Amino acid sequence: MCIFCKIINHEIPSYTIYEDETIIAFLDIAQATYGHTLVVPKKHYDTLLDCPEDVLCHMMKVTQMLTKQIMEKTQAKGFNILNNGYEIAGQVIMHAHMHILPRYEEKEGFVIEMHENKDIDLAQVQELLTH
Ligand code: AMP
Ligand code: ZN
C-alpha cells in the first residue's frame, strides 16, 4: 500500500486540514512554504491522468476552496498550484495529488524557473498536436 493510502487508512498520522467522502487534504511533511498542502483523492490513482472526471473536478474545486482559505488565514501574497506527473517531472509518491504552495516572497522554499528552449520549432509542434 502506498504512503498516502496509509494516511487515508489512518495507519500513519497526518496533519489533516480537510476531509470529505472523496478527498483528503493534509500538510506536506516537508513544508516548502508556510501552509504547503497536498490535496489527495481517497481512492488510489497513480497520476492525475488516471483520475475519473468527477474525482478530478471535485479535487480541483477543493483545491481552489482551500487555496482561498489558506491565503486568507496566512496572508500569503500569491500561490502556486502544482502537480508532478511521473518520475521525470518530480513525482515521488505515485498517488495522484495537487500541491498548494502559498507564496510570501519571490525566493523561498519553492522556486519555479522556466527557461526558453529556442531549438523548439512552434510550427512543427502545432502540426504534431493538431494532426
Ligand atoms: P511529489 O514529488 O509531487 O510526489 O510530492 C510528494 C510530496 O509528499 C512531497 O512534497 C513530500 O514532502 C510529501 N510527503 C511524503 N511523505 C509524506 C507524509 N507522510 N505526510 C505528508 N507529506 C508527505
Ligand atoms: Zn495510494
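User: Which side chain does histidine 99 join in a polar contact of 2.9 Å?

Analyst: Keep in mind that we're looking at a predicted model here. Histidine 99 sits in strand 5, residues 98-103. Its side chain also makes a polar contact of 3.5 Å with the side chain of histidine 97. The partner at 2.9 Å, though, is the side chain of histidine 36.

User: Is histidine 99 buried or exposed?

Analyst: For this one you need the cut-off: buried means under 20% relative accessible area. Histidine 99 comes in at 11%, so it counts as buried.

User: How far is a polar side-chain atom of histidine 99 from an oxygen atom of ligand 1?

Analyst: Histidine 99 is one of the residues that come nearest to ligand 1, and Asp28, Gly90, Val92 and His97 are in that group too. From a polar atom in the side chain of histidine 99 to a ligand oxygen, the distance is 2.8 Å.

User: How much of ligand 1 does the protein bury?

Analyst: Let's look at some contacts before the area. An N or O atom in the side chain of histidine 97 is 2.8 Å from an oxygen atom of ligand 1, and a polar backbone atom of isoleucine 29 is 3.1 Å from a ligand nitrogen. On its own, ligand 1 would expose 510 Å², and the share of that buried by the protein is 84%.

User: Which pocket is the space taken by ligand 1?

Analyst: There are 16 residues around ligand 1. By class, 10 of them are nonpolar, five are polar and one is charged. As for the space that ligand 1 takes, that's the largest pocket.

User: Which element gives the most residues to the shell around ligand 1?

Analyst: Two elements that each supply at least two shell residues are helix 1 (3-8) and strand 2 (23-27). The one that gives the most, with three residues, is helix 1.

User: In what pattern do the helices and strands follow each other along the sequence?

Analyst: Start with the parts list: the protein has three helices and five strands. Now read them off along the chain, and you get α-β-β-β-α-β-β-α.

User: Why does helix 3 lie largely in the open?

Analyst: First, find helix 3 at residues 122-130. At its N-terminal end there's a cap, aspartate 121, with a side-chain oxygen 3.0 Å from the backbone nitrogen of alanine 123. Across the whole protein, buried residues make up 35% of the 131. Helix 3 lies largely in the open because, of its nine residues, the number buried is zero.

User: Is histidine 10 buried or exposed?

Analyst: Histidine 10 lies in the loop between helix 1 and strand 1 (16-19). Its phi is positive too, near 60°. To count as exposed, a residue needs over 50% relative accessible area. Histidine 10 has 63%, so it is exposed.

User: How far apart in space are isoleucine 112 and lysine 42?

Analyst: Isoleucine 112 is in the loop between strand 5 and helix 3, and it is partly exposed at 47% relative accessible area. In sequence, isoleucine 112 and lysine 42 are 70 residues apart. In space, from C-alpha to C-alpha, the distance between them is 28 Å.

Terms used: Residues numbered from 1 in each chain as written. Chains lettered and ligands numbered in written order. Predicted model: local features only at pLDDT ≥ 70, side-chain atom pairs only at ≥ 80, totals over all residues. Heavy atoms only, no water. Near = heavy atom within 4 Å. Polar contact = N/O pair within 3.5 Å; in protein donor to acceptor, adjacent residues only side chain to side chain. Areas by Shrake-Rupley, 256 points an atom, 1.4 Å probe, with all protein chains shown as cover. 1 Å grid on protein atoms, 1.4 Å probe; cavity = no way out; pocket = protein on both sides within 12 Å on 5 of 7 lines; lining within 4 Å. Sits in = over half its atoms within 2 Å of the grid points. Helix = DSSP H or I, 4+ residues; strand = E, 2+ residues; numbered from the N terminus. Nonpolar A, V, L, I, M, F, W, Y, C, P; charged D, E, K, R; others polar. Buried < 20%, exposed > 50% of the residue type's maximum accessible area, 1.4 Å probe, protein only.
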